[in-house]
Amino acid sequence: MASKTIHAYYNDDDVLMHAVKKVKAAKHHIEEVYCPFPVHGLDKAMGLAPTRLAITSFLYGCVGLTVAVTMMNFIMIEDWPQDIGGKPSFSFLENMPAFVPIMFELTVFFAAHLMVITFYLRSRLWPFKEAENPDKRTTDDHFLMEIEVHGDEKELTELLMDTGAVEINVMENNNSH
Amino acid sequence: MYTFSNKLKIGSFILMAVGFLGIAIGFISMPSTVEEAKAIVASHDDGHGAHATETHAATGGHGADAHGGEHDASHDEHVLHQLRNKPWAALYVGAFFFFMISLGVLAFYAIQRAAQAGWSPLLFRVMEGITAYLVPGGIIVFVILVMSVLHMNHLFVWMDPEVVAHDELIQGKSGYLNPTFFLIRAAIFLGGWIFYRQYSRKLSLQQDEANDNANFKLNFRWSAGFLVFYLVSESMMSWDWIMSLDPHWFSTLFGWYVFASMFVSGITVIAMVTIYLKSKGLLPDVNDSHIHDLAKFMFGISIFWTYLWFSQFMLIWYSNIPEEVTYYITRIEDFKLPFFGMIAMNFLFPVLLLINSDYKRINWFVVLGGIVILLGHYLDIFNMVMPATVGDQWSIGIPEIGAVLFFAGLFIFFVFRALATVPLQPKRNPFIEESRHFHY
């Protein structure tokens, strides 16, 4: 199935935002937008679902807290309850204040690191990954909107010209993805 | 322009009347002889009395000689003092709590000005309204302190010359802890805070009528200066007005701890008053992002308070030095529920409720969190004052609730009266446009 993709270039984030809204209003599906920096509100304009990364982080934090409590309870209270400097190692609760720094740090450690790893996995980032950049200029000063052509190619091109695109390229897809 | 609604005004008067009645009942039922005190303790429950004797003997007396044949007599005397302190301590906790809220708001206000925050100018009039309570509230606290110095009560044990005569530790501190210097310091602190509040309010109102930003710039400088003064004076105030209730005990981060308590209560009250006024349609430009920001501060400072509470507790628990640790032993033995209950109210509840970004934009969530935070910080002050003044004779009964209601009524009256005097939105603040379009 040979299809066509249009690459529309913009050189200003405000123009890009307006263009995204117009293209959305004309009911075209935007495949991807490449930006050199975060454009505030672009995700909302594109209608992207909000991230759930914060929720995963909260859950990872709970895991970290559980690990810390289980670990300290087993080591200090159950396995070998020594008298170390008169600290009351009879029950977890009695000696808890001494464990709080560890419980806190492990909660933060798990929440932070596992969330970052989740982010890498979900956004497919790793060393030696092949860059997916369609045009070098989008890392510097150009914004690129990628739209797949389904209907009238000319009409879509005109619409994009109207939105203030500085350059429009029509690419033939060779079933590469 | 806000008009003080009659309903709220009458409500505040009812609160004051009911509260006054409660305070009066507390003072009337105060025992004047040892026999009456015994009757009160016995009527509560017998087991409690026995427990009290035990812990009293264990902790070794607060300046009173708790040994030998005089044990029973001195114990009864001690209980009498505690019971006579009860209505005073209840009054003091209530007065200080509401005063501390307006002082916390003043600190927040000065920070917003000094930091040139872009989101908050819309709320400046609300904050200025809340700090209006600083003048009457500060005067009441000062009057209670003067009454203590005049020996009308026994809240501050170091003010009693007989106690000092037998107590070398307090004698050693008398260069700082003496009634004259104590009142001079209190007057300087209150004078400084009230001066900044009144002057900054004046400049803030003048800015609305001016043609240039001179008033705004002057206010910025005064706010920065005030923060320096506040940091020093607030810390010393906490030693004077709270920590000296236990003159044998000391803690270095106590000033910060009291600050965190007043700061988070103050921010909570700003959020609640803002939500109230907005629900009346009086703050049309305040959007849920402003509420979200305030809720973030409530969340963050609640954690900050917990951090300080825990740091103070854990350091003393860990090293377990007898002269420091008695402070927590009396609290954990006699105040178990309020002492640990406040951790749940001031930390667990707000953290779990306000961690969600969406919840921070929902008014009733913020109000619910705010009510629990305020109750929790009342308990915090209660836990700081009561163990030193009434010991194991504490309860949350008519005098305590009466004092809270009375000062709540007074607070509402002065705050909303001040809010009704000027338009609720500053006109010419250089950041007002940014604040109106604030969006997070």
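1. Let's start with Lys27(A): it is exposed, at a relative accessible area of 75%. Exposed here means over 50% relative accessible area, buried under 20%, and partly exposed in between (1.4 Å probe, protein chains only). Lys27(A) sits in the loop between α1 (13-25) and β2 (30-34) of chain A. Helices (H or I, at least four residues) and strands (E, at least two) are DSSP runs, numbered from the N terminus. Have a look at the backbone too, as Lys27(A) has a positive phi of about 65 degrees although it is not a glycine. Most residues other than glycine have a negative phi.

2. A word on the source: this is a predicted model, in which local features need pLDDT of at least 70, side-chain atom pairs count only at pLDDT 80 or more, and totals for chains, interfaces and linings use all residues. Residues are numbered from 1 along each chain as written, chains are lettered from A and ligands numbered from 1 in the order written, and side-chain values use heavy atoms, with hydrogens and water left out.

3. On to chain A as a whole. It has five helices and four strands, and along the sequence they run β-α-β-α-α-α-β-α-β. The radius of gyration of chain A is 26 Å, well over the 16 Å that the globule rule gives for 177 residues, so the chain is more spread out than a compact globule. (That radius is taken over C-alpha atoms, and the rule is 2.2 Å times the number of residues to the power 0.38.) Along the principal axes, the C-alpha atoms of chain A fill a box of roughly 80 × 30 × 30 Å. Of the 177 residues in chain A, 30% are buried.

4. Also in chain A, Asp152(A), Glu155(A), Glu158(A) and Asp162(A) gather in a surface patch of negative charge. Such a patch joins like charges within 9 Å, using residues with over 30% relative accessible area and no salt bridge; a salt bridge is a side-chain nitrogen of Lys or Arg within 4 Å of a carboxyl oxygen of Asp or Glu. One of the four, Glu155(A), lies in helix α5 (residues 153-162).

5. Over in chain B, check the loop between α6 (134-149) and α7 (161-165), where you'll find Leu150(B). Leu150(B) is exposed, with a relative accessible area of 57%.

6. His151(B) counts as partly exposed at 47% relative accessibility, and has a positive phi of about 65 degrees although it is not a glycine.

How values were computed: Patches are made of residues with over 30% relative accessible area and no salt bridge: like charges are joined within 9 Å, nonpolar side chains (Val, Leu, Ile, Met, Phe, Trp, Tyr) within 5 Å. Accessible areas come from the Shrake-Rupley method with a 1.4 Å probe; for residues, only the protein chains shown count as cover. Lys and Arg count as positive and Asp and Glu as negative; His and the chain ends are not counted. The place of a charge is taken as NZ of Lys, CZ of Arg, CG of Asp or CD of Glu.
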